[in-house]
Amino acid sequence: MHCTRNITNDLYWVGANEHRLSLFENIHPLTTGVSYNSYLLLDEKTVLFDTVDWAVCRQYIENVEYLLNGKPLDYLVIHHLEPDHAASINEILLRHPETKLISNEKAFMMMRQFGFEIDGRYEEVVEGDTRTFGKHTIAFVYAPMVHWPEAMVSLDVTNGVLFSADGFGSFIALDGVLFADEVDFDRDWIDEARRYLTNIVGKYGPHVQALLKKAGPLLPQVKYICPLHGPVWRKDFGYIIGKYDQWSRYEPEVNGVLIIYASMYGNTENAAVALATKLREKGVRNVKVRDVSNTHVSWLISETFQYSHIVIASVTYNLGIYPLIHNYLADMKALNLQKRTFAVIENGTWAPKAGDLIREYLDKELKQMTVLGDELTINSSLTEEKGLEMDSLVDSIIESLKAEEAAKAKA
Ligand code: FEO
């Protein structure tokens with residue numbers, strides 16, 4: 001059975017949903033699935049925009065063939081060669097010997113690397129080129145490193161549809177949803193949109209910024225944003241573009257405290273919860289506590305993008321940093337995460353070392369991180385006396401939160 005939706009006039013969503021994949025890119029847990037979006041334009045020429053992951057190809061083919069209804073498929077436009085969107089190219093080419101590919105030089109090079117037989121079946125476009133398919137004219141814009149070097153976006157200048165590739169994408173399977181305004185996006189979807197962007201494209205913030213700048217003059221023409229994952233946008237562009245702008249500038253969304261702890265027997269956990277309690281008691285509203293051992297690092301990264309202040313509370317392990325905290329720090333470095341304020345609590349029964357090492361990592365390996373001076377050392381468990389020492393750490397954090405809030409209000 002086909003499963004398609006109409007976007008506007010002669011443009012249709014023909015993608016598919018993935019529920020059985022547990023790890024996106026074999027690394028990021030999926031608990032609510034993901035969609036692979038593809039779009040079909042039925043103009044005088046028929047044009048398919050991107051394909052889907054191989055896992056959902058059968059549904060995809062059924063969708064495409066249903067809407068083509070026996071017509072030839074004239075063109076397949078490819079914006080991005082990552083296999084979650086490109087794996088089904090060969091299947092389309094085999095089923096439709098008449099189809100010509102449209103993409104750029106780098107993408108065609110990658111297609112050959114992936115073993116696709118494209119010779120004699122492609123038309124190359126470069127930045128600024130346009131192609132007319134009847135009523136519709138499509139303009140192509142390079143978007144390098146959003147998320148691979150060959151990535152590009154395109155604008156249908158006839159109906160204002162922006163095909164944004166991975167840009168404005170999100171985890172969560174659509175399951176019948178097409179438009180972002182059909183759901184309470186800010187309540188139910190934004191966390192997975194943030195986790196998607198920050199973990200998949202987080203490293204390339206400057207490239208996202210470059211694309212936003214380049215796309216700026218086109219925005220008045222845009223009526224729909226069609227990404228390769230997640231819902232289509234037809235209103236509230238300022239909301240989602242604002243989020244992308246903030247994430248790609250590495251600016252926090254929330255003036256608050258994220259406490260990430262590593263605890264082997266519950267003593268460091270007790271310190272983390274005591275800190276959260278003291279912060280809340282003093283009126284800090286946005287406080288979140290996460291156990292590094294049972295929270296996947298993709299969530300920790302996403303929430304570190306979200307929060308202005310992070311407290312790392314960690315046991316010492318093999319005279320070093322607890323491995324999962326080390327993994328979190330390394331992921332922050334890999335994703336270029338920057339401009340946050342940290343505080344550190346260390347624990348150790350005979351040789352607490354984690355604090356100094358975490359501080360050193362933040363100072364030397366990451367960019368523009370501020371580490372508050374009051375490091376708290378716990379020996380085995382938090383005592384009432386150390387609890388009093390924690391109060392000065394709480395005061396430092398609150399002072400820093402206020403200073404940042406004031407600076408933001410002034411800006
Ligand atoms: Fe959804 Fe970069 O692929």
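Modeller: Two strands pair if DSSP finds at least two bridges between them. Strands (E, at least two residues) and helices (H or I, at least four) are DSSP runs, numbered from the N terminus. The model is predicted, with local features needing pLDDT of at least 70 and side-chain atom pairs 80 or more, while totals for chains, interfaces and linings use all residues. Residues are numbered from 1 along each chain as its sequence is written, and side-chain values use heavy atoms, without hydrogens or water.

Colleague: What makes strand 2 and strand 7 a pair?

Modeller: Strand 2 (residues 11–13) and strand 7 (residues 39–42) share three bridges in the antiparallel sense; at least two are required, so they pair. W13 has Y39 of strand 7 as its bridge partner.

Colleague: Which helix packs on the sheet touching strand 2, strand 7 and strand 8?

Modeller: Helix 1 (residues 57–68) does, touching those strands, of which strand 8 is 46–49; contact is heavy atoms within 4.5 Å. Its direction makes about 10 degrees with that of strand 7, on a scale from 0 to 180 degrees between N-to-C directions of lines fitted to C-alpha atoms, for helices over the stretch in contact. Helix 4 (residues 105–113) touches strand 10 (100–103) and strand 11, at about 125 degrees to strand 10.

Colleague: Why is one side of strand 1 and of strand 11 left without a neighbour in the sheet?

Modeller: The seven strands form an open sheet in the order 1-2-7-8-9-10-11, with mixed pairing. Strand 1 (5–8) and strand 11 (122–124) stand at the edges with a single partner strand each, so one side of each has no neighbour. From one strand to the next, the twist averages 25 degrees.

Colleague: What is the volume of the largest pocket, and what is a pocket here?

Modeller: About 320 Å³, the space filled by probe spheres set on grid points joined across faces, edges and corners. A pocket is an open set of points on a 1 Å grid over the protein atoms alone, where a 1.4 Å probe fits, with protein on both sides within 12 Å along at least five of seven lines; lining residues have an atom within 4 Å of a point. The lining has 18 residues, with M264, T316, G348, T349 and W350 nearest the centre. Strand 19 gives the largest share, three residues.

Colleague: How many residues of that lining are charged?

Modeller: None: eight are nonpolar and ten polar. Asp, Glu, Lys and Arg count as charged; Ala, Val, Leu, Ile, Met, Phe, Trp, Tyr, Cys and Pro as nonpolar; the others, Gly among them, as polar. The second largest pocket, about 210 Å³, has five charged lining residues.
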